[in-house]
Amino acid sequence: MEIYFEKREKLKEKPKDESDLGFGKIFTDHMFLYNYTKGRGWHDARIVPYGDFSISPAATVLHYGQEVFDGMKAYTSVSGEVVFFRPRDNFERINNSARRLCMPEILVEEAMDALSQLVSLDRDWVPKSHGTSLYIRPNYIGIDPYLGVSSASEYLFYIILSPVGTYYSTGLKPVKIYVESHYVRAVKGGLGSAKTSANYAASLLVGEEAHKKGFSQALWLDGKTGKYIEEVGSMNIFFVIGGILYTPPLEGSILPGITRDSVITLAKDFGVPVREERLTIDDATQAIRGGEMSEAFGTGTAAVVSPVGELYYNGESYEIGGGKMGGLSERMYATLTGIQYGEIPDTHSWLEKL
């Protein structure tokens with residue numbers, strides 16, 4: 001794949017204080033764009049200055065939501081190298097999402113080539129402090145100027161970069177979670193396993209209501225029975241009950257998280273039994289009452305590990321592990337970030353050097 005380069009004439013001023021990066025508000029100098037046209041395939045790969053681009057007001061993405069995206073990170077390791085964490089898995093997940101939304105697949109090797117060249121060009125934007133990273137957002141949209149309900153014949157795939165700090169202002173402090181029992185995020189057979197904007201739009205109202213009530217996130221229950229635990233906010237959820245690590249199985253309504261998979265792998269390394277099983281909210285609250293649940297935590301690319309200190313369900317609060325971060329949560333966070341920053345050996349070959 002040949003990539004056309006157009007470098008920004010005057011580079012942006014980079015953040016001076018890496019402790020105040022926030023999340024997703026600052027963007028680097030350049031971005032990658034790649035077009036697809038039915039009958040022609042992928043064409044016009046280019047890296048250009050970051051900025052607005054125009055699409056038709058009738059574009060498919062604006063009316064029928066034909067869009068998928070993903071999120072990954074690049075880190076400055078302790079040796080000074082820039083490394084990606086499981087980037088090919090993220091691009092494969094984009095293809096899984098694209099198939100569900102009737103969109104052509106991208107070539108993973110081409111996406112990796114584009115990502116490497118883009119990050120190489122904007123390498124000075126990769127933060128160096130521990131706890132910071134370069135967040136990478138590939139996005140993929142239908143751009144047909146046509147108001148008929150059908151899959152597009154023209155698409156735009158692009159990648160933008162953002163230096164970030166921690167996702168949650170509370171850091172690793174255990175959060176309070178509101179259990180949502182009225183609205184649902186996704187159902188089996190729907191879009192729950194695809195990383196698409198519709199999933200996140202469906203979560204906004206409940207998230208806002210949870211925040212107004214003093215909670216950090218909402219815990220989603222399944223859309224059919226309203227009994228089974230699925231996700232927490234935009235993260236996968238884990239519970240430690242009786243020394244066993246439980247997480248809901250991937251049955252079509254839950255996003256197959258890269259961090260989720262990493263946690264399951266590490267738990268097995270640690271000798272912790274793992275069960276991917278359906279767990280009802282009543283099972284969870286009873287395990288908390290009986291003292292069997294020692295900890296709970298959410299996982300995702302943005303936050304890595306987010307400990308849960310309390311569930312609020314049907315007007316009652318259930319404190320988990322004394323409201324403190326559990327030992328496994330802490331070990332998972334330390335191990336994952338240790339691998340990402342090159343402080344711990346990468347025995348699973350998850351890192352890819354720039």
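A search of the whole structure finds two cavities of 30 Å³ or more, where a cavity is a set of points, on a 1 Å grid over the protein atoms alone, at which a 1.4 Å probe fits but cannot get out, and lining residues have an atom within 4 Å of a point. The structure is a predicted model, in which local features need pLDDT of at least 70 and side-chain atom pairs count only at pLDDT 80 or more, while totals for chains, interfaces and linings use all residues. Residues are numbered from 1 along each chain as its sequence is written, and side-chain values use heavy atoms, with hydrogens and water left out.

**Largest cavity**
- About 80 Å³ of space lies in the largest cavity, and its lining includes Gly71, Met72, Lys73, Tyr75 and Phe85.
- Strand E5 (72–76) gives the most to this lining, with three residues.
- By class, the lining of the largest cavity has five nonpolar, six polar and one charged residues.

**Second largest cavity**
- The second largest cavity holds about 60 Å³ of space, and among the residues that line it are Met1, Phe32, Trp42, Glu110 and Phe157.
- Strand E2 (30–37) and helix H3 (108–121) each supply at least two residues of this lining, with H3 giving the most, three residues.
- Nine residues of the lining of the second largest cavity are nonpolar, none is polar and one is charged.

**Phe53**
- Phe53 is placed in the loop between strand E3 (41–49) and helix H1 (60–64).
- Phe53 counts as partly exposed because its relative accessibility is 32%, which falls between buried (under 20%) and exposed (over 50%), with a 1.4 Å probe and protein chains only.

Note on methods: Helices (H or I, at least four residues) and strands (E, at least two) are DSSP runs, numbered from the N terminus. On a 1 Å grid over the protein atoms alone, a cavity is a set of points where a 1.4 Å probe fits but cannot get out, and a pocket is an open set with protein on both sides within 12 Å along at least five of seven lines; lining residues have an atom within 4 Å of a point. Grid points are joined across faces, edges and corners, and a volume is the space filled by probe spheres set on the points. Ala, Val, Leu, Ile, Met, Phe, Trp, Tyr, Cys and Pro count as nonpolar, Asp, Glu, Lys and Arg as charged, and the others, Gly among them, as polar.
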